[in-house]
Every structure is written in C-alpha cells, then in structure tokens.
Amino acid sequence: MLKIWGRINSANVKKVVWVAQELGLPFQRIDVCGPFGGVDTPEFLMLNPNGTIPVIDDDGFVLWESNAIARDRPAGRQRHADTAAELKRLDRRQHLRLGF
Ligand SMILES: N[C@@H](CCC(=O)N[C@@H](CS)C(=O)NCC(=O)O)C(=O)O
C-alpha cells in the first residue's frame with residue numbers, strides 16, 4: 001500500500017494526498033515533521049536525506065519532492081505494473097524453455 005509521510009497542514013503534503021485521492025489509490029499517511037518530529041531519524045533520512053516532507057513509499061518505490069511525486073505517480077504506477085507483468089512473462093518463458 002502507498003505510504004505518505006507528512007503532516008496534513010503542509011501544502012506539499014496536501015498536493016500528494018490530492019493526487020492519491022484523484023487516482024483512487026488507498027494510502028496510509030504518517031504524521032511526521034513540525035510538532036510530530038520524526039524527520040531527523042536514521043530511518044526517515046534513509047527515505048529522504050533532506051529530512052523534508054512529503055515522502056512516499058509505494059510498494060518499495062520511494063520518492064520525495066511533491067512535484068516529482070505528483071508528476072510520477074500516475075504514469076509510474078502503470079510503469080511499475082507493466083514491468084511486473086513483463087517480468088512475470090519472461091519468467092514464465094524461461095521456465096518453458098528450461099522445461100521445469
Ligand atoms: N520542494 C519540496 C519542499 C519540501 C519542504 O520544504 N517541506 C517542508 C514542509 S512543507 C518541510 O519538510 N519542512 C521541514 C520542517 O518543517 O522541518 C517539495 O515540494 O516537496
């Protein structure tokens with residue numbers, strides 16, 4: 001499931017939440033930054049070394065910068081799905097070729 005890190009009163013976080021809602025994507029939003037803190041932890045800095053919000057983790061695909069997220073997600077999700085389908089197809093063909 002799509003995870004969105006960031007307090008909801010951030011305009012940049014609102015932008016990403018809006019995109020997820022427009023795409024009909026189920027998501028979990030995690031309150032960090034400002035009064036919630038949590039953007040200076042090693043775990044968060046692994047996700048975004050800038051320590052800023054929003055950050056998303058979409059089934060392992062991590063991205064920060066709200067405009068990049070807003071631009072990427074619609075196509076990115078399709079790209080992700082296409083890649084997964086392609087890998088499955090190749091795997092199936094490999095099995096057929098190796099006969100097991
Ligand atoms: N250009 C970045 C800006 C990110 C940014 O500066 N986010 C603010 C909140 S809106 C932030 O994380 N501030 C750090 C803080 O308040 O500690 C984006 O669009 O994602």
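An oxygen atom of the ligand lies 2.5 Å from a side-chain N or O atom of S66. Taken alone, the ligand exposes 510 Å², of which the protein buries 63% (Shrake-Rupley areas, 1.4 Å probe). The model is predicted: local features need pLDDT of at least 70 and side-chain atom pairs 80 or more, while totals for chains, interfaces and linings use all residues. Residues are numbered from 1 along each chain as its sequence is written, and side-chain values use heavy atoms, without hydrogens or water.

**Exercise 1.** Describe the surroundings of the ligand and the atoms that approach its nitrogen atoms.

*Solution.* 
- Step 1: list the shell. R7, S10, N12, C33, T52, I53, P54, E65 and S66 surround the ligand, each with a heavy atom within 4 Å of it.
- Step 2: sort the shell. The residues divide into 3 nonpolar, 4 polar and 2 charged; here Cys, Ile and Pro count as nonpolar, Glu and Arg as charged.
- Step 3: look at the nitrogen atoms. A backbone N or O atom of I53 is 2.9 Å from a ligand nitrogen atom. For E65, a polar side-chain atom lies 2.9 Å from a nitrogen atom of the ligand.

**Exercise 2.** Is L63 buried or exposed, and which residues does L63 touch?

*Solution.* 
- Step 1: check accessibility. L63 counts as buried because its relative accessibility is 19%, and buried means under 20%.
- Step 2: find the partners. Leaving out residues up to four places away in sequence, L63 touches V55, I56, A68, I69 and D72 (heavy atoms within 4.5 Å).

Methods: Polar contact = N/O pair within 3.5 Å; in protein donor to acceptor, adjacent residues only side chain to side chain. Buried < 20%, exposed > 50% of the residue type's maximum accessible area, 1.4 Å probe, protein only.
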